[in-house]
Amino acid sequence: MLRLLVPLTIIGFVGLGGLVSCAAPPQRATFVASVETADHSSLLAESWTAYRKRFIQADGRVIDWEANGRSTSEGQAYAMLRAVMVNDPDTFAIALQWAETNLQRRDKNNKSIDSLWAWKWGQNSNNTWGILDANVASDADIDAITALIVASRRWQRSDYLKLARTKLKDLWTHATITLPVDGKRYLLPGAIALFQRNEKLKANPSYLAPYAFRLFAQVDSERDWLSLVDSSYQMLEQSSKVSPVGLPSDWIAVDPNTGTYTALDPGSPLITRYGFDASRVWWRVALDATWFGEPRAKAYLKANLGYLKQMWQRDRKIPAKLDLQGRPLVDYEATSQYGMLYTAFRVIDPAIAQEIFTQKLLPSYRNGFWDNDSAYYSQNLAWFGLLPPNILANYLTEPTQATNVSLP
(Lines give C-alpha, C1' and ligand atoms only; values in the text may rest on other atoms or scores of the structure.)
Protein backbone atom coordinates (compact mmCIF):
# COMPACT_ATOMS: atom_id res chain seq x y z
CA MET A 1 0.00 0.00 0.00
CA LEU A 2 1.22 3.48 -0.84
CA ARG A 3 2.72 5.24 2.15
CA LEU A 4 2.48 9.00 2.39
CA LEU A 5 2.29 11.86 4.82
CA VAL A 6 -1.21 13.16 5.47
CA PRO A 7 -1.50 16.93 6.02
CA LEU A 8 -2.93 17.64 9.44
CA THR A 9 -5.85 19.83 8.40
CA ILE A 10 -7.05 18.88 4.93
CA ILE A 11 -8.21 15.29 5.22
CA GLY A 12 -11.68 14.39 6.41
CA PHE A 13 -14.40 11.87 5.85
CA VAL A 14 -17.25 13.24 3.79
CA GLY A 15 -20.57 11.47 4.03
CA LEU A 16 -20.26 7.75 3.38
CA GLY A 17 -18.07 7.93 0.32
CA GLY A 18 -14.79 7.77 2.19
CA LEU A 19 -11.89 10.09 2.83
CA VAL A 20 -11.46 12.92 0.37
CA SER A 21 -9.45 16.12 0.34
CA CYS A 22 -11.37 19.21 1.30
CA ALA A 23 -10.61 22.74 2.39
CA ALA A 24 -10.64 22.98 6.15
CA PRO A 25 -12.85 25.72 7.59
CA PRO A 26 -11.22 28.25 9.91
CA GLN A 27 -11.02 26.82 13.42
CA ARG A 28 -9.23 27.49 16.66
CA ALA A 29 -5.78 25.93 16.61
CA THR A 30 -5.35 22.64 18.40
CA PHE A 31 -2.40 20.39 19.01
CA VAL A 32 -2.24 17.18 17.04
CA ALA A 33 1.12 15.48 17.09
CA SER A 34 2.91 15.28 13.79
CA VAL A 35 3.23 11.56 13.20
CA GLU A 36 3.73 9.67 9.98
CA THR A 37 0.37 8.34 8.89
CA ALA A 38 -0.18 5.82 6.13
CA ASP A 39 -3.17 6.52 3.94
CA HIS A 40 -5.79 3.86 4.76
CA SER A 41 -8.70 6.02 3.61
CA SER A 42 -10.23 3.59 1.10
CA LEU A 43 -10.01 0.68 3.50
CA LEU A 44 -11.55 2.66 6.36
CA ALA A 45 -14.42 3.90 4.21
CA GLU A 46 -15.14 0.42 2.86
CA SER A 47 -15.00 -1.05 6.36
CA TRP A 48 -17.44 1.51 7.77
CA THR A 49 -19.94 0.84 4.98
CA ALA A 50 -19.69 -2.92 5.53
CA TYR A 51 -19.95 -2.55 9.31
CA ARG A 52 -23.00 -0.33 9.09
CA LYS A 53 -24.82 -2.83 6.90
CA ARG A 54 -23.85 -5.91 8.87
CA PHE A 55 -23.83 -4.76 12.49
CA ILE A 56 -26.23 -1.79 12.74
CA GLN A 57 -29.95 -2.37 12.32
CA ALA A 58 -32.21 0.15 10.65
CA ASP A 59 -33.40 1.29 14.07
CA GLY A 60 -29.85 1.94 15.28
CA ARG A 61 -29.26 -1.19 17.38
CA VAL A 62 -25.67 -2.46 17.16
CA ILE A 63 -25.53 -6.26 17.19
CA ASP A 64 -22.68 -8.38 18.52
CA TRP A 65 -23.15 -11.51 16.43
CA GLU A 66 -20.53 -13.45 18.39
CA ALA A 67 -22.40 -12.99 21.67
CA ASN A 68 -25.91 -14.31 20.96
CA GLY A 69 -26.93 -11.19 19.09
CA ARG A 70 -26.73 -9.01 22.18
CA SER A 71 -26.25 -5.25 22.21
CA THR A 72 -24.11 -3.26 24.63
CA SER A 73 -23.61 0.32 25.66
CA GLU A 74 -20.06 -0.07 24.32
CA GLY A 75 -21.34 -1.06 20.89
CA GLN A 76 -23.70 1.91 20.69
CA ALA A 77 -20.93 4.28 21.80
CA TYR A 78 -18.45 2.85 19.30
CA ALA A 79 -21.00 3.36 16.51
CA MET A 80 -21.47 6.97 17.58
CA LEU A 81 -17.72 7.60 17.71
CA ARG A 82 -17.21 6.08 14.29
CA ALA A 83 -20.17 7.94 12.81
CA VAL A 84 -18.96 11.35 13.95
CA MET A 85 -15.44 10.55 12.74
CA VAL A 86 -16.74 9.73 9.24
CA ASN A 87 -19.26 12.57 9.18
CA ASP A 88 -22.34 10.32 9.16
CA PRO A 89 -24.95 12.20 11.20
CA ASP A 90 -27.81 9.86 10.30
CA THR A 91 -26.14 6.74 11.70
CA PHE A 92 -25.04 8.73 14.74
CA ALA A 93 -28.60 9.82 15.41
CA ILE A 94 -30.17 6.38 15.19
CA ALA A 95 -27.47 4.70 17.31
CA LEU A 96 -27.95 7.36 19.97
CA GLN A 97 -31.73 7.16 19.84
CA TRP A 98 -31.80 3.38 20.16
CA ALA A 99 -29.55 3.53 23.23
CA GLU A 100 -31.51 6.35 24.84
CA THR A 101 -34.75 4.43 24.30
CA ASN A 102 -33.61 0.93 25.26
CA LEU A 103 -30.68 1.24 27.67
CA GLN A 104 -32.10 3.76 30.12
CA ARG A 105 -31.75 2.54 33.70
CA ARG A 106 -35.00 2.50 35.68
CA ASP A 107 -36.00 1.65 39.22
CA LYS A 108 -38.75 -0.71 40.35
CA ASN A 109 -41.30 2.01 39.77
CA ASN A 110 -40.09 2.44 36.20
CA LYS A 111 -38.63 5.86 36.98
CA SER A 112 -35.40 6.88 35.36
CA ILE A 113 -32.39 6.44 37.69
CA ASP A 114 -29.93 8.58 35.74
CA SER A 115 -28.87 9.38 32.19
CA LEU A 116 -26.24 6.63 31.94
CA TRP A 117 -26.77 3.42 30.00
CA ALA A 118 -27.25 -0.16 31.14
CA TRP A 119 -24.36 -2.06 29.65
CA LYS A 120 -26.06 -5.23 28.33
CA TRP A 121 -29.29 -5.78 26.38
CA GLY A 122 -30.47 -8.96 24.70
CA GLN A 123 -32.72 -12.01 24.82
CA ASN A 124 -33.49 -13.38 28.26
CA SER A 125 -34.56 -16.83 29.40
CA ASN A 126 -38.20 -16.01 28.64
CA ASN A 127 -37.28 -15.29 25.01
CA THR A 128 -38.12 -11.63 25.43
CA TRP A 129 -35.68 -8.82 24.68
CA GLY A 130 -34.57 -6.15 27.07
CA ILE A 131 -31.93 -5.10 29.57
CA LEU A 132 -29.98 -8.10 30.87
CA ASP A 133 -27.66 -6.20 33.19
CA ALA A 134 -28.53 -2.69 34.38
CA ASN A 135 -25.05 -1.91 35.67
CA VAL A 136 -23.05 0.88 34.06
CA ALA A 137 -19.83 0.34 32.09
CA SER A 138 -18.18 3.74 32.41
CA ASP A 139 -15.96 3.34 29.34
CA ALA A 140 -19.04 3.20 27.14
CA ASP A 141 -20.50 6.32 28.68
CA ILE A 142 -17.13 8.08 28.29
CA ASP A 143 -17.03 7.16 24.60
CA ALA A 144 -20.64 8.19 24.08
CA ILE A 145 -20.13 11.56 25.78
CA THR A 146 -16.96 12.15 23.77
CA ALA A 147 -18.91 11.45 20.59
CA LEU A 148 -21.71 13.81 21.68
CA ILE A 149 -19.28 16.67 22.33
CA VAL A 150 -17.54 16.24 18.99
CA ALA A 151 -20.89 15.88 17.21
CA SER A 152 -22.20 19.06 18.83
CA ARG A 153 -19.24 20.91 17.29
CA ARG A 154 -19.06 19.18 13.94
CA TRP A 155 -22.77 19.44 13.19
CA GLN A 156 -23.65 22.51 15.31
CA ARG A 157 -26.04 20.51 17.51
CA SER A 158 -26.56 22.22 20.85
CA ASP A 159 -28.95 19.42 21.89
CA TYR A 160 -26.08 16.96 21.76
CA LEU A 161 -24.00 19.21 23.99
CA LYS A 162 -26.86 19.55 26.46
CA LEU A 163 -27.21 15.76 26.66
CA ALA A 164 -23.44 15.38 27.09
CA ARG A 165 -23.51 17.75 30.06
CA THR A 166 -26.36 15.85 31.67
CA LYS A 167 -24.46 12.59 31.29
CA LEU A 168 -21.25 14.17 32.63
CA LYS A 169 -22.98 15.08 35.87
CA ASP A 170 -24.21 11.51 36.35
CA LEU A 171 -20.91 9.94 35.32
CA TRP A 172 -19.06 12.04 37.90
CA THR A 173 -21.57 11.17 40.62
CA HIS A 174 -21.84 7.44 39.99
CA ALA A 175 -18.48 6.38 38.54
CA THR A 176 -15.79 8.53 40.14
CA ILE A 177 -14.52 8.44 43.71
CA THR A 178 -12.12 10.35 45.93
CA LEU A 179 -9.57 8.05 47.56
CA PRO A 180 -8.48 8.73 51.14
CA VAL A 181 -4.85 7.83 50.40
CA ASP A 182 -4.20 11.02 48.40
CA GLY A 183 -7.50 12.91 48.18
CA LYS A 184 -7.53 12.55 44.38
CA ARG A 185 -10.53 11.72 42.24
CA TYR A 186 -10.38 8.45 40.28
CA LEU A 187 -12.51 6.82 37.61
CA LEU A 188 -14.23 3.55 38.44
CA PRO A 189 -15.46 0.99 35.85
CA GLY A 190 -19.04 1.59 36.98
CA ALA A 191 -21.15 2.22 40.04
CA ILE A 192 -19.18 2.74 43.24
CA ALA A 193 -21.23 0.17 45.17
CA LEU A 194 -20.36 -2.54 42.64
CA PHE A 195 -16.63 -1.90 42.37
CA GLN A 196 -15.76 -1.06 45.98
CA ARG A 197 -16.10 -4.25 48.01
CA ASN A 198 -13.99 -6.00 50.64
CA GLU A 199 -12.03 -2.81 51.36
CA LYS A 200 -10.55 -2.74 47.86
CA LEU A 201 -11.50 -1.13 44.57
CA LYS A 202 -11.66 -3.02 41.30
CA ALA A 203 -10.27 -0.94 38.45
CA ASN A 204 -9.98 -1.43 34.70
CA PRO A 205 -7.05 0.56 33.24
CA SER A 206 -8.46 0.34 29.70
CA TYR A 207 -11.36 2.57 30.75
CA LEU A 208 -9.02 5.48 31.53
CA ALA A 209 -9.32 8.11 28.78
CA PRO A 210 -7.28 11.26 29.56
CA TYR A 211 -8.08 12.82 26.16
CA ALA A 212 -11.80 12.53 26.92
CA PHE A 213 -11.42 14.11 30.35
CA ARG A 214 -9.77 17.11 28.67
CA LEU A 215 -12.79 17.47 26.37
CA PHE A 216 -15.13 17.09 29.35
CA ALA A 217 -13.34 19.92 31.16
CA GLN A 218 -13.96 22.19 28.17
CA VAL A 219 -17.73 21.86 28.45
CA ASP A 220 -18.31 21.19 32.16
CA SER A 221 -16.70 23.67 34.53
CA GLU A 222 -18.66 22.44 37.56
CA ARG A 223 -16.54 19.31 37.96
CA ASP A 224 -12.76 18.94 38.02
CA TRP A 225 -12.32 16.63 35.05
CA LEU A 226 -8.68 17.57 34.61
CA SER A 227 -7.97 15.96 37.98
CA LEU A 228 -8.90 12.65 36.33
CA VAL A 229 -6.16 13.18 33.76
CA ASP A 230 -3.55 13.17 36.54
CA SER A 231 -5.09 10.30 38.49
CA SER A 232 -5.44 8.26 35.28
CA TYR A 233 -1.74 8.46 34.55
CA GLN A 234 -0.98 7.62 38.16
CA MET A 235 -3.22 4.57 37.97
CA LEU A 236 -1.78 3.51 34.61
CA GLU A 237 1.80 3.80 35.76
CA GLN A 238 1.33 2.23 39.20
CA SER A 239 -0.92 -0.62 38.09
CA SER A 240 1.47 -1.58 35.28
CA LYS A 241 4.22 -2.04 37.87
CA VAL A 242 2.32 -5.07 39.17
CA SER A 243 3.58 -6.75 36.00
CA PRO A 244 7.35 -7.42 36.07
CA VAL A 245 7.43 -6.59 32.35
CA GLY A 246 5.23 -3.48 32.62
CA LEU A 247 2.03 -4.78 31.01
CA PRO A 248 -1.35 -3.21 31.81
CA SER A 249 -3.98 -5.54 33.23
CA ASP A 250 -7.56 -6.25 32.25
CA TRP A 251 -8.51 -5.76 35.92
CA ILE A 252 -6.54 -4.68 38.97
CA ALA A 253 -7.23 -4.23 42.70
CA VAL A 254 -6.49 -0.96 44.49
CA ASP A 255 -6.35 -0.41 48.23
CA PRO A 256 -7.98 3.03 48.67
CA ASN A 257 -6.23 3.62 52.00
CA THR A 258 -2.67 2.80 50.94
CA GLY A 259 -2.78 3.23 47.17
CA THR A 260 -1.30 -0.26 46.73
CA TYR A 261 -2.06 -2.10 43.49
CA THR A 262 -2.34 -5.89 43.51
CA ALA A 263 -3.70 -8.70 41.37
CA LEU A 264 -7.30 -9.68 42.06
CA ASP A 265 -7.87 -12.88 44.01
CA PRO A 266 -7.68 -16.05 41.86
CA GLY A 267 -11.35 -16.81 42.53
CA SER A 268 -12.54 -13.47 41.19
CA PRO A 269 -14.54 -13.51 37.95
CA LEU A 270 -12.50 -10.45 36.95
CA ILE A 271 -8.97 -11.50 36.00
CA THR A 272 -5.66 -9.70 36.37
CA ARG A 273 -3.86 -10.44 33.11
CA TYR A 274 -2.98 -8.77 29.83
CA GLY A 275 -5.91 -9.53 27.54
CA PHE A 276 -8.59 -8.05 25.33
CA ASP A 277 -9.44 -5.21 27.73
CA ALA A 278 -5.85 -4.28 28.54
CA SER A 279 -4.82 -3.94 24.90
CA ARG A 280 -7.13 -0.91 24.60
CA VAL A 281 -4.84 0.97 26.98
CA TRP A 282 -2.42 1.51 24.07
CA TRP A 283 -5.13 3.19 21.97
CA ARG A 284 -6.45 5.45 24.70
CA VAL A 285 -2.99 6.61 25.76
CA ALA A 286 -1.93 7.11 22.13
CA LEU A 287 -4.94 9.36 21.55
CA ASP A 288 -3.81 11.64 24.38
CA ALA A 289 -0.34 11.75 22.85
CA THR A 290 -1.57 12.60 19.36
CA TRP A 291 -4.59 14.77 20.17
CA PHE A 292 -3.15 16.81 23.02
CA GLY A 293 0.60 16.23 22.96
CA GLU A 294 0.74 14.84 26.49
CA PRO A 295 4.37 13.90 27.30
CA ARG A 296 3.26 11.38 29.94
CA ALA A 297 1.41 9.48 27.23
CA LYS A 298 4.45 9.06 25.03
CA ALA A 299 6.60 8.23 28.06
CA TYR A 300 4.12 5.52 29.15
CA LEU A 301 4.09 3.96 25.70
CA LYS A 302 7.86 3.94 25.49
CA ALA A 303 8.27 2.46 28.96
CA ASN A 304 5.53 -0.16 28.81
CA LEU A 305 5.56 -1.37 25.22
CA GLY A 306 9.16 -2.54 25.50
CA TYR A 307 8.36 -6.16 26.29
CA LEU A 308 5.83 -6.50 23.47
CA LYS A 309 8.25 -4.80 21.10
CA GLN A 310 10.89 -7.41 21.92
CA MET A 311 8.34 -10.20 21.54
CA TRP A 312 7.30 -8.87 18.15
CA GLN A 313 10.87 -8.51 16.91
CA ARG A 314 11.72 -12.03 18.09
CA ASP A 315 8.58 -13.99 17.18
CA ARG A 316 6.69 -11.77 14.72
CA LYS A 317 3.53 -12.43 16.70
CA ILE A 318 1.97 -11.48 20.04
CA PRO A 319 -0.55 -13.86 21.66
CA ALA A 320 -3.96 -12.45 22.54
CA LYS A 321 -3.52 -13.06 26.28
CA LEU A 322 -0.41 -13.00 28.48
CA ASP A 323 0.09 -13.39 32.20
CA LEU A 324 1.74 -10.58 34.14
CA GLN A 325 5.17 -12.14 33.57
CA GLY A 326 4.57 -11.93 29.83
CA ARG A 327 4.03 -15.67 29.30
CA PRO A 328 1.43 -16.66 26.68
CA LEU A 329 -1.87 -17.89 28.08
CA VAL A 330 -3.27 -18.82 24.64
CA ASP A 331 -1.75 -19.83 21.32
CA TYR A 332 -3.90 -17.55 19.15
CA GLU A 333 -3.52 -13.91 18.18
CA ALA A 334 -6.07 -11.09 18.05
CA THR A 335 -6.61 -8.66 15.20
CA SER A 336 -8.19 -6.28 17.71
CA GLN A 337 -4.95 -6.19 19.71
CA TYR A 338 -2.89 -5.52 16.59
CA GLY A 339 -5.15 -2.55 15.82
CA MET A 340 -4.45 -1.10 19.25
CA LEU A 341 -0.72 -1.79 18.98
CA TYR A 342 -0.61 -0.18 15.56
CA THR A 343 -1.88 3.16 16.85
CA ALA A 344 0.57 3.08 19.79
CA PHE A 345 3.65 2.11 17.80
CA ARG A 346 2.74 4.77 15.25
CA VAL A 347 3.60 7.24 18.03
CA ILE A 348 6.87 5.74 19.26
CA ASP A 349 8.13 3.43 16.49
CA PRO A 350 6.43 3.91 13.09
CA ALA A 351 8.51 1.17 11.48
CA ILE A 352 7.02 -1.47 13.78
CA ALA A 353 3.56 -0.02 13.24
CA GLN A 354 4.02 -0.50 9.51
CA GLU A 355 5.19 -4.08 10.04
CA ILE A 356 2.09 -4.85 12.13
CA PHE A 357 -0.10 -3.38 9.42
CA THR A 358 1.46 -5.25 6.52
CA GLN A 359 1.98 -8.57 8.34
CA LYS A 360 -1.15 -8.76 10.52
CA LEU A 361 -3.85 -6.17 9.84
CA LEU A 362 -3.86 -6.12 6.05
CA PRO A 363 -3.73 -9.94 5.56
CA SER A 364 -6.73 -10.40 7.89
CA TYR A 365 -8.86 -7.89 5.93
CA ARG A 366 -11.04 -8.72 2.94
CA ASN A 367 -14.27 -7.42 1.46
CA GLY A 368 -14.84 -4.85 4.19
CA PHE A 369 -14.20 -7.08 7.22
CA TRP A 370 -11.31 -8.09 9.44
CA ASP A 371 -11.25 -11.82 10.26
CA ASN A 372 -14.92 -12.51 9.40
CA ASP A 373 -18.23 -10.70 9.18
CA SER A 374 -19.22 -11.59 12.75
CA ALA A 375 -16.04 -10.41 14.50
CA TYR A 376 -17.40 -7.38 16.34
CA TYR A 377 -14.24 -6.47 18.28
CA SER A 378 -11.96 -6.90 15.28
CA GLN A 379 -14.06 -4.53 13.18
CA ASN A 380 -14.12 -1.79 15.79
CA LEU A 381 -10.64 -1.88 17.29
CA ALA A 382 -8.77 -2.42 14.03
CA TRP A 383 -10.71 0.48 12.52
CA PHE A 384 -10.02 2.82 15.45
CA GLY A 385 -6.37 1.85 15.36
CA LEU A 386 -5.93 2.69 11.68
CA LEU A 387 -7.80 5.98 11.82
CA PRO A 388 -5.56 9.02 11.13
CA PRO A 389 -4.88 10.77 14.47
CA ASN A 390 -5.68 14.16 12.96
CA ILE A 391 -9.18 13.23 11.80
CA LEU A 392 -10.92 15.28 14.53
CA ALA A 393 -8.30 18.03 14.85
CA ASN A 394 -10.76 20.78 14.02
CA TYR A 395 -13.15 19.76 16.79
CA LEU A 396 -10.91 19.20 19.82
CA THR A 397 -10.78 22.77 21.11
CA GLU A 398 -13.53 24.53 19.21
CA PRO A 399 -15.50 26.93 21.40
CA THR A 400 -18.48 25.32 23.06
CA GLN A 401 -21.82 25.74 21.33
CA ALA A 402 -24.54 27.65 23.18
CA THR A 403 -27.21 25.48 24.77
CA ASN A 404 -30.16 27.74 24.06
CA VAL A 405 -30.05 27.65 20.26
CA SER A 406 -33.30 26.53 18.67
CA LEU A 407 -32.85 23.67 16.22
CA PRO A 408 -35.24 22.43 13.58
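This is a predicted model: local features need pLDDT of at least 70, side-chain atom pairs count only at pLDDT 80 or more; totals for chains, interfaces and linings use all residues.
Is tryptophan 282 buried or exposed?

**Exercise 1. Decide how tryptophan 282 and its ring partner tyrosine 274 sit in the structure.**

Step 1: Look up the accessibility. Tryptophan 282 has a relative accessibility of 0%.

Step 2: Compare with the cut-off. Buried means under 20% relative accessible area, so tryptophan 282 counts as buried.

Step 3: Do the partner. Tyrosine 274 also comes out at 0%, so this residue is buried too.

Step 4: Describe the pair. The ring centres of tyrosine 274 and tryptophan 282 are 6.3 Å apart and the planes make an angle of 45°, which is a tilted arrangement.

**Exercise 2. Classify the aromatic pair of tyrosine 78 and phenylalanine 384, and find where its two members come from.**

Step 1: Know what to look for. A pair of aromatic rings is described by the distance of the centres and the angle of the planes.

Step 2: Read off the geometry. Here the centres are 5.4 Å apart, with 70° between the planes.

Step 3: Apply the cut-off. Planes over 60 degrees apart count as edge-to-face, and that's the label for tyrosine 78 with phenylalanine 384.

Step 4: Trace the chain. Tyrosine 78 belongs to helix H2 and phenylalanine 384 to helix H14, so the pair links parts that are 306 residues apart.

Step 5: Check burial. Tyrosine 78 has 0% relative accessible area and is buried; phenylalanine 384, at 3%, is buried as well.

Step 6: Zoom out. Both residues belong to one aromatic cluster, together with Trp48, Tyr51, Phe55, Trp283 and Trp383. The whole structure holds 23 aromatic pairs.

**Exercise 3. Work out how helices H7 and H8 run relative to each other, and what lies between them.**

Step 1: Take the angle and distance. H7 (residues 210–219) and H8 (residues 226–240) pack at about 165°, with axes 8 Å apart.

Step 2: Name the arrangement. Angles over 145 degrees count as roughly antiparallel, so H7 and H8 are roughly antiparallel. Their crossing is left-handed.

Step 3: List the contacts. H7 brings Pro210, Phe213, Arg214 and Ala217, while H8 brings Leu226, Leu228, Val229, Ser232 and Tyr233.

Step 4: Sort these residues. Seven are nonpolar, one is polar and one is charged.

**Exercise 4. Find out how covered H7 is.**

Step 1: Count. Eight of the ten residues in H7 are buried, including Tyr211 and Phe216.

Step 2: Find the neighbours. The buried residues of H7 pack against H8, helices H4, H5 and H9, and strand S8.

Technical notes:
Residues are numbered from 1 along each chain as its sequence is written. Side-chain values use heavy atoms; hydrogens and water are left out. Axes are lines fitted to C-alpha atoms, for helices over the stretch in contact, and angles run from 0 to 180 degrees between N-to-C directions. Helices (H or I, at least four residues) and strands (E, at least two) are DSSP runs, numbered from the N terminus. Angles under 35 degrees count as roughly parallel, over 145 as roughly antiparallel, 65 to 115 as roughly perpendicular and the rest as oblique. A crossing is left-handed if the near helix is turned anticlockwise from the far one by less than a right angle, and right-handed if clockwise. Contact means heavy atoms within 4.5 Å. Ala, Val, Leu, Ile, Met, Phe, Trp, Tyr, Cys and Pro count as nonpolar, Asp, Glu, Lys and Arg as charged, and the others, Gly among them, as polar. Rings of Phe, Tyr and Trp (its six-membered ring) pair if their centres lie within 6.5 Å; planes under 30 degrees apart count as stacked, over 60 as edge-to-face and the rest as tilted. Buried means under 20% relative accessible area, exposed over 50%, partly exposed in between (1.4 Å probe, protein chains only).
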